[in-house]
Amino acid sequence: MPGPYRKPLRAAFFRRQQPSGQQDRKGRSGGGKAQKMLYPTLEEYRLTAELKLNLEQLHVIFAKCCDVVHRDFYLGQVLKVGIIYIDGLADKKLVEDTLVRTLQQGSPQLARELADRSRDVTTVMEKIMPMTDVAVVDNMASLVKHLLEGDTVLLLEGYNKALALSTRSWEHRAIEEPVAESVVRGPRESFIESLRANTALIRRRLKTPSLKMETICLGRYTMTNVVITYLEDLVDPMVLREVRRRLERIQIDGILESAYIEELIEDNPSSPFPQIDHTERPDKVVAALLEGRVGILVDNTPFALIVPTLFIQFIQSCEDYYERYYLSSFLRLARFAALNIALLLPAAYVAVSTFHQEMLPTNLLIRLASQREGIPFPAVIEALIMELSFELLREAGVRLPRQVGQAVSIVGALVIGEAAVSAGLVSPAMVIVVALTGISSFALPSFAMAITLRLLRFIILILAGTLGFYGIMLGLLVILVHLNTLRSFGVPYLAPVTPWNFSDFKDVLVRTPRWAMNSRPSQIGYRDPVRQGAGLKPTPPASSNPRPGEGKS
Amino acid sequence: MISWFRRALPFFFLFLGTFFLAGCWSRHEIEDLAIISAVALDAAPGDRVRLSVYVIIPRAVAGGPSMGGGGGGEPARAGEVISTTGSDFIQAARRLEEMVPRRLLWSQNRVLILGEELAGRGLSYLDFFTRGRQMRLTTPVLITRGEGRKVLELPPGVELTTGTILTGILRNRTTFKIELKDLLVMWEAPGDNPVLPQVVMTPTPELESKEVKSGGDTGGQEGSQKGGEEKKPPEAVAIRGAGAFRDDRLAGWLDEEEAKGLIWLRGEVEEGVITVELPARGGDKDDGQASVIFHRAGTQVKPMIEGNRLIFNVEIGGKCELAEALMNLDPDRPEDLLAIQEAVNRAVEERVLAAVRKAQQELQADIFGLGEVLHRSKPRYWHQVQEHWNEEFSRAQIQVKINLQLTRLGMTNRTSGKSREAGGKGASQGSTR
Amino acid sequence: MREEGYISPRQAAVLLWFAVLPTAILFLPSLLALRAHNDAWLAVIGATLAAGVVALIVYLLAMRFPHYTLFQYCELILGPVAGKMAAMVFVLAFFLLDAVVIREFSEFMVTAVMPETPGLFFSITIVAVAVYAARNGLEVLARCTDFILPLMVIFIAIVLLFATPEMSPRNLLPILENGFRPVLGGTLVAWSFLGQVVILATYGAFVNPPRALKASLTSGLLGIAFFLTLVTMGTIFVFGCCESARQTFAAYALARVVSLGQFFERIEALFLAIWVGGVFIKITLYLYVVALGLATVTGLKEYRALVTSLGALSVAVSHLLYQNVAEIRHDLLMVEPGWTLVWQLLLPLLLLIVAWLRGKRRTGI
């Protein structure tokens, strides 16, 4: 149920975001078929009825393209046709075994019939074509586009239209286990670089016609296909319209990763916080769709985007929903602790040890003081050095091949850490603090959020080193205000916490049992808030526990 | 975007600059601190005061990283006593800072020890320790005969520093504990006078037996201690007895028994032991002895006015547990238990009355906070006597009624030895002395 | 000038809580113990009743002019000239209050936490953050409170809970020892804080069902009274009335006697950090209200442009106002009760009476 004050707010938000409604209407009428023009536009080329002329034009267009395969032959030994496809993108076996053979062996009578100019090109399709996914192409630009997407184009003598046969099939990775988001229990499938495979992964999980997939083509050179997917009954139309609008305004030469799109459609581009979640797990995308969110799939990358995204999503892991809820809730709380430790621990250590020594018990204070005796740096500098070297170590480990990476971490942890302590350059307590911080930042399920925290940690550390707890609080207040200004596609970023919604708390600090998750997130899936029937909590069978008053099972 | 950067850049540098500027203000590295763990306040000749602090040397306590595998050896001194004089304590503290290469950290101070002479001058010197922002209001305050500095200079015992030793003893609840804020409250309340637990320096354990014999006689105790000091320096501290104040001046000393009576009357008893002598009875050949332990006792004071006389009815009740019995005890005979109970009640009453006598006759100061009790229950009457309360207190009658009950016997019932017959004519093995 | 969003009645109540409590909790217990001795908590209750009158006036005015701010209906009631002047008085009063709060904050920081750092530095930093927040509008601020409120409540609860071993409830007796006069004196002092609920007349215009203002006023006021009574009683339980009056920052002293188990010996630094959060909300709220009011009076469309300069001005004024913390106490004891009586009680009452006499109301919107 939407809050009483939410609607006017969002309306106001969109009004501010959209200076002209005209553009929006145009975008909507285009719908999913909004196709960007090819670049270069190829306006000077025309499809003619003369096969030879068409082929010559294509040879000009695809000059010096060694991967374009062209072959002429006769349909039923009568009608001359040309086949063009791109080697590697089109299924060569299919073209040779099925298409060419069928066409060559077609009866001459049919060929003669087809050669009659009065016939339409669709007749060809209907009479002889051995394939199902066939499009009629009437201009050179779209012909080229089909060709580049892996279709095989069939040009016929005497027709000024061509047939584009879907033979797309190229080498791609098999569907494997997700690398970045592996789980102990749960589906092991991950998105891959092929868009079609990815949509199929989603479709396989949502066998409903209300799963919609709109295609939009972005990037002048890359012509990347982007799919907006959503469940029509659940999605907030405002959000959907906004997604379309933001995608359509993208003018860019190329999209290589969904991160390109992410940065171009964020609400607040100057914020350090990730405002759009990404995942390589189809089950996570489907779960988001079921909550009423919109998924954005991008060709050639296994990472899908999910909008609108809330802050808490970066603390939820998909495994939370596959394990028992007690454990999940405990881990959720542990992750909140990790979030705070990753952000604040070095700063708190520096603040306590240089400003608020009275907070420590005497024994601990003495212990720390004796450890720090002779250390040449102030605590804040010491912390900065350690944090920086930790970041460097991590960076070195991440970029190197796996085997070398391990060696780096051994060198880093043992040699540098141990040597620095025994050389009296760094106090052992600081090493513990930095290590704990590092572990905590790894405990966050979202890498994007962990990166943000790593950056903010340095700022808070400097503040703590100069102003103690007051500095930490100032930093936290700025972050808090900033987080509160953030919105993701109109939805407040900190949503269930503020604006406060108690029923959404079922999935924030703890993960309530499946049978208690009766409603969709109120800010996102409010169109159909009821998620499941009430009273799903399993009970023992009636016979074993008979109750006098209850007649029904 | 570029314009955004251009606008933000000066602010960014301003921000950075401010913080590096600010860095010099309140930051103190942890190793640059002189951690004070105990403070003694004394009077110095010529109206001056002496401030002695016990500064911990972290290296010596924790063993720095360089001392990694250093083995046993005898415990070095964990810190150093530094003392200076000044016309007030902040001046003395500044003098300290001239002598110590580090910055004084007062907030870890465990204990404040008042010297006798300074206590005689008045409590107003404590202002430095309530006004300073590093000071803890929860610091326990103790008083000692002679100079407080001497207490700090004791060699380490079980704990490394004097402050830890004293707070450890206070935690055992053998006596009462006055924190700085309690002291202030007692001082400021019109119907109360401060009392502070007394820390005494004891000689070595062999000498202690002599000291105990001279127990009640305060003069003697002091004498023996001074004697001991000449021959052999004191080696341990104990907290027993109390120093009592009239308004803000030290008025006199309470010995151990009187101090116990005082805490009974103030209702601050949390746990304790009472040992009573029991006269010989039929079947026993010599006197028995029993000790009870009590955990929680309640004290209720009810003031009454009868004509011109002010009467305080003190009722002390609670439950205790038998801890040790050096006698023939058979719980099946209720009169045994009853006898112990009676004796305990009498002992407590004696202690309380001893404290009352001391306060009314010698000190003439209400160290029990009875004035505040009167204030709370009879505000009208209180306003009449408020101005001269201490004199009024000396004239007041204090009636004590003790009602402690022996309820538990511990893990065994009968005392050990050959079991007696039910008739009570068994062997007299009760006493194991 | 007008806020685009609305806030919920609950958020309005929480903001009200923050508009009064942060500084009140720090300064009031000591002042009340000075004036009303043992009966300081009675003074809080008395002042709550007085603030209830203000709340009633605010509510009646809001019912007459729903979705209008105080500054707007000043003009509607009194006409353009007198109305602008009255609105200007409110703007000035809120501005001064903001400056006083800033000064109280920096004075506390300098006295209790970091004596070596100049007070101006604390004022500048907190106001810089406040300006950033105030520019983002009321709704963002209201949402910030959702995080700071639990922190403050939990922390007050922890302090009071862990201070219980030090407490002796006998300190409260005898009740009404010297009659009602000291309590009345204390009520006047407490009133100058609790009367600040009048601020709801300004941002209350953005509460969505205006009728719900009744609930926010009641719950906000009761929340303030509850926590203030609790803390006042806590300090008197622990310190007794004489010592409470002697401690300049009695609630902070309360946090100083608390130790959490054996690990955190003193938690006052945490008290400080969380309290800074509360004061930040208070300063930001007043800054926002002042900017909004000034924009209304001068007829600007946007208040945002004013925030930065008003923030800078309030820092300057805050440091011109007082010499030292003793002057702040003197001001809070002697001056503020009268001044707040004028603008928090009499002026709104005048507005209500005039509106009633002239029959002004805008219920159409």
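Predicted model: local features only at pLDDT ≥ 70, side-chain atom pairs only at ≥ 80, totals over all residues.
Helix 17 of chain A bends by about 145° at A:L467. Helix 17 of chain A comprises residues 447-485. A straight helix of 39 residues would span 57 Å at 1.5 Å a residue, yet the end C-alpha atoms of helix 17 of chain A are only 23 Å apart. Of the 39 residues in helix 17 of chain A, 31 are buried, so this helix is largely enclosed by the rest of the structure.

Chain A also contains an open sheet of five strands, arranged in the order 6-7-9-10-8 with antiparallel pairing. Its edges are formed by strand 6 (211-218) and strand 8 (277-279) of chain A, each of which pairs on one side only. From one strand to the next, the twist averages 25°. Within the sheet, strand 9 (residues 294-298) and strand 10 (residues 304-307) of chain A run antiparallel and are joined by three bridges. In this pair, A:G295 stands opposite A:I306 of strand 10 of chain A.

The largest nonpolar core has 244 residues, and C:F94, C:Y203 and C:F280 have the most contacts inside it. Helix 11 (residues 268-298) of chain C gives the most to this core, with 22 residues. When neighbours within four places in sequence are left aside, C:Y203 is in contact with C:I7, C:A12, C:L15, C:L16, C:L138 and C:L285. Another core, of 92 residues, lies apart from the largest one; among its residues are B:L41, B:W253, B:A290 and B:I402.

Methods: Residues numbered from 1 in each chain as written. Chains lettered and ligands numbered in written order. Heavy atoms only, no water. Pairing = 2+ DSSP bridges. Helix = DSSP H or I, 4+ residues; strand = E, 2+ residues; numbered from the N terminus. Axes fitted to C-alpha atoms, helices over the stretch in contact; angles between N-to-C directions. Core = buried A, V, L, I, M, F, W, Y, C linked by side-chain atoms within 4.5 Å. Buried < 20%, exposed > 50% of the residue type's maximum accessible area, 1.4 Å probe, protein only. Contact = heavy atoms within 4.5 Å. Expected span 1.5 Å × (residues − 1). Bend = angle between axes of the 7 residues up to and from the residue.
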